[in-house]
Amino acid sequence: MIHSQQSKQGMQLERIQWCDEFNVGVKIIDEQHKRFVGILNNLSDSISGTKPDADEVYSVIIELIDYTSTHFVTEEELMKVYKWENYREHFKIHNRFVEKIGEYNKNYHHVSQAELEDIYLFLKSWLLNHISVEDRKLASFLNSEGLK
Ligand SMILES: [Fe+2]
């Protein structure tokens, strides 16, 4: 699922193409996930090439951290309002992710290209796995409560 290739311009990370199978079936969650993928693609663009601009990388990572909290709040409110029994478990998964990406909030002038690529690949695989497993469980519960 994850590919990257070396080109004359340096490392080129493959952008994520949104496809229907990423949709979980709850409109607001799907829209936010699409935006998430958009930010990840910006991150991939900003770290591709031979000399990534550290300020640009930093600003995309900050945007991603901000957007993560907005998105998690949306999901967590839906879980509470609809009284989903797995709320706590899902909430913990979100918190662990927030802690992890908080560690990325550092000086990107001192982060190597390889580390940036690792960060991107981690974020990408986490998000796509989380959507296809955990968020799908939440969405099917919300669908059963009549939310589409
Ligand atoms: Fe989630």
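N129 has 12 other C-beta atoms within 10 Å, so N129 is exposed. The model discussed here is predicted.

## Overall layout

The protein chain has four helices and two strands. From the N terminus, the order is β-β-α-α-α-α. The radius of gyration is 16 Å, close to the 15 Å that the globule rule gives for 148 residues, so the protein chain is as compact as a globular protein of that length. Along the principal axes, the C-alpha atoms fill a box of roughly 50 × 30 × 20 Å.

Burial covers 21% of the 148 residues. Among contacts with a separation of 6 or more, 75% come from residues 24 or more positions apart.

## Helix pairs

| Helix pair | Axis distance | Angle |
|---|---|---|
| α1 and α2 | within 10 Å | roughly 165° |
| α2 and α3 | 11 Å | about 175° |
| α1 and α4 | 10 Å | about 170° |

**α1 with α2.** Helix α1 spans residues 27-47, and its axis crosses that of α2 at roughly 165°. An angle over 145 degrees counts as roughly antiparallel, so α1 is roughly antiparallel to α2. The crossing is left-handed. By class, the contact of α1 with α2 has eleven nonpolar, five polar and four charged residues.

**α2 with α3.** These helices pack at about 175°. That angle makes α2 roughly antiparallel to α3. From α2, the contact uses I65, T68, S69, F72, E76, M79 and K80. From α3, it uses Y87, H90, F91, H94, V98 and I101. By class, there are seven nonpolar, four polar and two charged residues in the contact of α2 with α3.

**α1 with α4.** Helix α4 covers residues 113-144 and packs on α1 at about 170°. The two are therefore roughly antiparallel to each other. α1 brings I29, H33, F36, L40, L43, S44 and I47. α4 answers with L116, E117, Y120, L123, K124, L127, I131, D135 and A139. By class, the contact of α1 with α4 has eleven nonpolar, two polar and three charged residues.

## Residues in α2

L64 sits in helix α2. L64 has 19 other C-beta atoms within 10 Å, so it is partly exposed; the threshold for buried is 20 or more. Not counting residues up to four places away in sequence, L64 touches I39 and L43. V37 is 27 residues from L64 in sequence, with a C-alpha to C-alpha distance of 9.8 Å.

E75 is also in helix α2. Is E75 buried or exposed? E75 has 23 C-beta neighbours inside 10 Å, so it counts as buried. Leaving aside neighbours within four places in sequence, E75 is in contact with I29 and L138. D55 is 20 residues from E75 in sequence and 30 Å away in space, C-alpha to C-alpha.

Helix α2 runs over residues 54-81 and α3 over 87-102, and K83 lies in the loop between them. K83 has 9 C-beta neighbours inside 10 Å, so K83 counts as exposed. Most residues other than glycine have a negative phi. K83 is not a glycine, yet its phi is positive, at about 50°.

N129, the exposed residue of the opening, is found in helix α4. Which residue lies 107 positions from N129 in sequence but 9.9 Å from it in space? That residue is F22, with the distance taken C-alpha to C-alpha.

Methods. Residues numbered from 1 in each chain as written. Predicted model: local features only at pLDDT ≥ 70, side-chain atom pairs only at ≥ 80, totals over all residues. Axes fitted to C-alpha atoms, helices over the stretch in contact; angles between N-to-C directions. Parallel < 35°, antiparallel > 145°, perpendicular 65-115°, else oblique. Left-handed = near helix turned anticlockwise from the far one by under 90°. Nonpolar A, V, L, I, M, F, W, Y, C, P; charged D, E, K, R; others polar. Rg over C-alpha atoms; globule rule 2.2 N^0.38 Å. Contact = placed C-beta atoms within 7 Å.
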